[in-house]
Amino acid sequence: MTETPRDAHEFGFSTEQVHAGYLGEAGHGARITPIYLSAGFVFDDFEHARARFAGTDPGYVYSRINNPTNAAVEKLLADLEHGAGATLVGSGQAAATVALLSVLKAGDHFLSAPSIYEGTRALFRGNFARFGIEVEFVDDPNDPADWHRRVRDNTRLFFGEAIPNPKNDLIDIEAIATSAHEHGVPFAIDSTVPTPYLLRPIDHGADIVFHSTSKFLAGHGNSIGGVVIDAGRFDWAAHPDSYPHLHQPIFDDGVETATWVDKFGLKANFAFARAVVAGRFGTSLSPFNAFLLQQGIETLSLRLDRHARNALAVATWLERQPEVSGVDYPGLPSNPFHALAQRYYPRGAGSVFAFTLAGGQEAAKTLYDAVEVFTRMTHIGDVRSLILHPPTTTHSRLSAAEREQAGIHPGLIRLSVGIEDVEDLLADLDRAFRVLRGENPPSLRGAGGDAEFTPADGL
Ligand SMILES: Cc1ncc(COP(=O)(O)O)c(C=O)c1O
């Protein structure tokens, strides 16, 4: 976090999203940070190379470790999240991996909220288990007692997802962060769905924030990416027994003896995650994708305002349909998480949510196949509206009992509401519901389906 002078003007989010991170461009005065597609960076001479490797010359070395395009976007994301530093990685899954493996080692145990992205759950239960790291899921993440009673001597981290996809069963971030800190462990959070425009978890006590940037941050469905942001606030130095790797010498040459906490203090975990975990597992993001991400972030606030407005209108409309037995959108006053939404998401509760058709899987199939504007795709946070049937796709590997427990009923459909004209989204859903009712409504494309241009062209 760069120190802001006390008398400095406080810039708004929309100003920061287009100005923060710009590092100046060497040479031609380009206003947009260019794509530096170069694997390595030239050393002037023998001593220059030595200094770059020793870290006494701060320049770039090799794009797996650092790159000017990526550095600009990392600075931008760290500023937008109120973090101390950011590391771009190749995907949201890579972000979860780097964020947690920088803290956890074989023999450790960590606690997770139950409602999380299925890819993350599989990573925890499958891959981390193979490394000897054990995950345990709490039943009710908003009951501090549930976290407290599961803490063991080897518990090293709490984890949760800000707006869980697809059920939107919001977590009380401040309460979980407080519980984690009472037990001397950091709280890591996946904040993919809100993005820093709707929520800054660090302002609410989170220590490590990660995102799949493939979603709203990039925004246009064109590139996979991820980012890990560190608050630079957790006192790693105070817990030598829990995080011994940060208390070991950075170099094992026997000459330099400084440890990670000696050299980096509150940024020890950030430095370790970047150099040892991301750097050595090789999770780097291509500068090309970093550039696409930068372009996306420049319009983040505009898009998210529109996404959230459209989502509320669609959720309100769905709630009125007799075939719908439930709408999981916390922006609705009827939703059990509405009070948390008002507290944490005053700008809107995102635009990825589920609704359930009382008619079960058959009804879901009919509706799914009937839409013409919504795109059938497993992705979220795209400018285009997307539709998915989680029980037979993302959640198909769970047992039927696990799906029921998670509220993933056979008639559940997930929407990621885009930025199209909301009248067109409602017209599409209205037509699909008429198909569900056994009517035979005309295509939005017109009777022959050959109108010159419709939003459904190319679907
Ligand atoms: C909430 C959340 N976190 C993480 C991920 C993983 O991101 P990626 O697909 O970029 O690896 C996803 C993907 O859908 C997600 O929805």
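This is a predicted model: local features need pLDDT of at least 70, side-chain atom pairs count only at pLDDT 80 or more; totals for chains, interfaces and linings use all residues.
**Entry 1: domains**

I began with the division of the protein chain. I found domain 1 at residues 13–297 and domain 2 at residues 302–436. I then looked up the spacing of the two, taken over C-alpha atoms, and noted 30 Å between their centres. For the contact between them, I listed 22 residues from domain 1 and 29 residues from domain 2.

I asked which element gives the largest share of the side of domain 1 that touches domain 2. I found that helix α8, residues 195–198, gives that share with three residues. I also sorted this side of domain 1 by class, and wrote down ten nonpolar, seven polar and five charged residues.

**Entry 2: ligand**

Next I turned to the ligand. How many residues surround the ligand? I noted 16, with S91, G92, Y117, S212 and S214 as the closest. I looked for elements that give two or more residues to this shell, and found α4 (92–101) and α5 (118–130). By class, I recorded ten polar, four nonpolar and two charged residues in the shell around the ligand.

**Entry 3: helices α3 and α11**

I then looked at a helix pair, α3 (residues 68–80) and α11 (residues 287–297). I noted a packing angle of about 35 degrees and axes 8 Å apart.

From α3 I listed T69, N70, A72, V73 and L76, and from α11 I listed P287, A290, F291, L293, Q294 and I297. Sorted by class, the contact of α3 with α11 gave me eight nonpolar and three polar residues, and no charged ones.

**Entry 4: helices α14 and α16**

The last pair I looked up was helix α14 (residues 360–370) with helix α16 (residues 422–436). I wrote down an angle of about 135 degrees, with the axes of α14 and α16 8 Å apart. The handedness I noted for the crossing of α14 and α16 is right-handed.

Which residues of α14 and α16 meet? On the α14 side I found A363, T366, L367 and A370, and on the α16 side R431, A432, V435 and L436. By class, I recorded six nonpolar residues, one polar and one charged in the contact of α14 with α16.

Key
Residues are numbered from 1 along each chain as its sequence is written. Domain bounds come from an automatic or database domain assignment. Two residues are in contact if their C-beta atoms, placed from the backbone, lie within 7 Å. Helices (H or I, at least four residues) and strands (E, at least two) are DSSP runs, numbered from the N terminus. Ala, Val, Leu, Ile, Met, Phe, Trp, Tyr, Cys and Pro count as nonpolar, Asp, Glu, Lys and Arg as charged, and the others, Gly among them, as polar. A residue is near a molecule or strand if its C-beta atom, placed from the backbone, lies within 6 Å of it. Axes are lines fitted to C-alpha atoms, for helices over the stretch in contact, and angles run from 0 to 180 degrees between N-to-C directions. A crossing is left-handed if the near helix is turned anticlockwise from the far one by less than a right angle, and right-handed if clockwise.
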